[in-house]
Amino acid sequence: GVLSRYSYLMAEPVETVTLEAVEQGSDPFETLRRWSREFAMESDPALPPFQGGIAGHLSYEVGRAFEKLSRAEFEGLPIPAMQVGVYPWVIAWDHVAENCRLMVREDLCGDVEGVLERLKSGRTRSGELGLGVEGTGGLHPPLALKRVRLREGLSVLGNFDQAEYEEAVGKVIEYIRAGDIFQANLSQQFWLKAERSPLELYETLRRTNPAPFAALVQGDGWGIVSSSPERFLQVTNGQVTTRPIKGTRRRLHRPEADLYQREDLATSVKDRAENIMIVDLMRNDLSRVCQPGSVQVPKLCIVEEYETVQHLVSEVTGTLEPGRDVWDLLAATFPGGSITGAPKIRAMEIISELERLPRGPYCGSLFWRSWNGDFDSSILIRTISQAGGWLTLPVGGGVTCRSNPADEYRETLDKAAGMLRAFG
């Protein structure tokens, strides 16, 4: 569809910023603001929207910069909280026009011929593309993890067993009844030994579980593989769009049963209520940096179908205030409401109390910002992180006062199933 018209590939940033962790009150975007001014340039409207520029990932924990939040009890995988670079060249595939372009900013990239040569030869500077299975050698997973049996006859490590996850859902419901929150997004993490490289996993996921915001990011000894259906923020000429997803049903293989699932999702009081609460939260967040009266909801609770699930999706739009940029927008909205809950801060406190592990890249964001300031980003759901010979696959869902703990647990397994197929 129109959401997945372009694919981009870039490497060899001329500048990078890497933050291993983020402290409260710091500005993680300080360098990015400087780059935005320093490298500003008009874009060519005839070319794909991302023509090179600033790109990278923000882990969920980057949210600690903007709010006072407690630390998770245990360590996660050794992946930086944030790694962002300035990319002077990008290859863009246009899947509608069926063409492919290499766009190069020559003042930043001395060796255009060299880039072309390497692309033709299929070799990268460092030899083989990407990270092997082990990454940086063997890592010991947190001792708090326990054996969890998943349906596919697969046994993995996780931070909850079924009874504990259902109990945690029960605790969220108690917080809701006590008036702390309206809803929270509770997730669990599955840990597996890595048996394939992130690139191989990504290639399999693209076939078995395609999604408009699918992506692969590789750093030094770590990889992030995402098959996300969810846009976080898009900015075009100062116009902001966000597309929160809340509400999920599994796809069924018989057309009439699938249609029934669709109808069930479209009319579900719980799912609609959940979605509308997040739309309200996003309207609030956007209005902190958008012009008064410009924040609108052009789409509310539309069902969209993906390979293994159907989702309830809404769209919220606004116009940035003069003098505000995408980094102000991120500071006002990150992390996204659909993966935290409402009200956001209290939901985030409850998440860190109950989950006890950092989320890392999961529920963070992957983004690009073109030279002219246009921006697009995903929410990193359906995302696998890999480092130190381990993979983590976190899965979660929104909990409201109408939630049934056993159903919530089953929904996380449904979400994991599509990803686990990629492991074979």
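**Close-up 1. Trp 327 in the predicted model.** Trp 327 has a relative accessible area of 0% and is therefore buried (under 20% relative accessible area; exposed is over 50% and partly exposed in between, with a 1.4 Å probe and protein chains only). Trp 327 and Phe 367 form an edge-to-face aromatic pair, 5.7 Å centre to centre with 75 degrees between the planes. Rings of Phe, Tyr and Trp (its six-membered ring) pair if their centres lie within 6.5 Å; planes under 30 degrees apart count as stacked, over 60 as edge-to-face and the rest as tilted. Trp 327 lies in helix α7 (residues 326-333), and Phe 367 lies in strand β18 (residues 365-370), so the pair ties together parts 40 residues apart in sequence. Helices (H or I, at least four residues) and strands (E, at least two) are DSSP runs, numbered from the N terminus. The model is predicted: local features need pLDDT of at least 70, side-chain atom pairs count only at pLDDT 80 or more, and totals for chains, interfaces and linings use all residues. Residues are numbered from 1 along each chain as its sequence is written, and side-chain values use heavy atoms, with hydrogens and water left out.

Close-up 2. The structure holds 14 aromatic pairs. In one of them, the ring centres of Phe 29 and Trp 327 are 5.7 Å apart and the planes are at 40 degrees, so this pair is tilted. Phe 29, in the loop between β2 (15-19) and α1 (30-38), is 298 residues from Trp 327. Phe 29 is buried, at 0% relative accessibility. Ring pairs link Phe 29, Phe 66, Trp 327, Phe 367 and Phe 375 into a cluster.

**Close-up 3. Charges over rings.** Arg 105 lies over the face of Trp 371, at 4.5 Å from the ring centre. The charged end of Arg 359 sits over the ring of Tyr 60, 4.7 Å from its centre. For this, NZ of Lys or CZ of Arg must be within 6 Å of the ring centre and within 35 degrees of the ring normal.

**Close-up 4. The open sheet β1-β5-β6.** Three strands form this sheet, with antiparallel pairing; two strands pair if DSSP finds at least two bridges between them. β1 (6-9) and β6 (99-104) stand at the edges with a single partner each, so one side of each has no neighbour in the sheet. Six bridges join β5 (residues 89-94) and β6. Ile 91 stands opposite Leu 102, and Val 90 opposite Met 103. Four residues separate the strands of this hairpin, in which Glu 98 takes a positive phi near 55 degrees.
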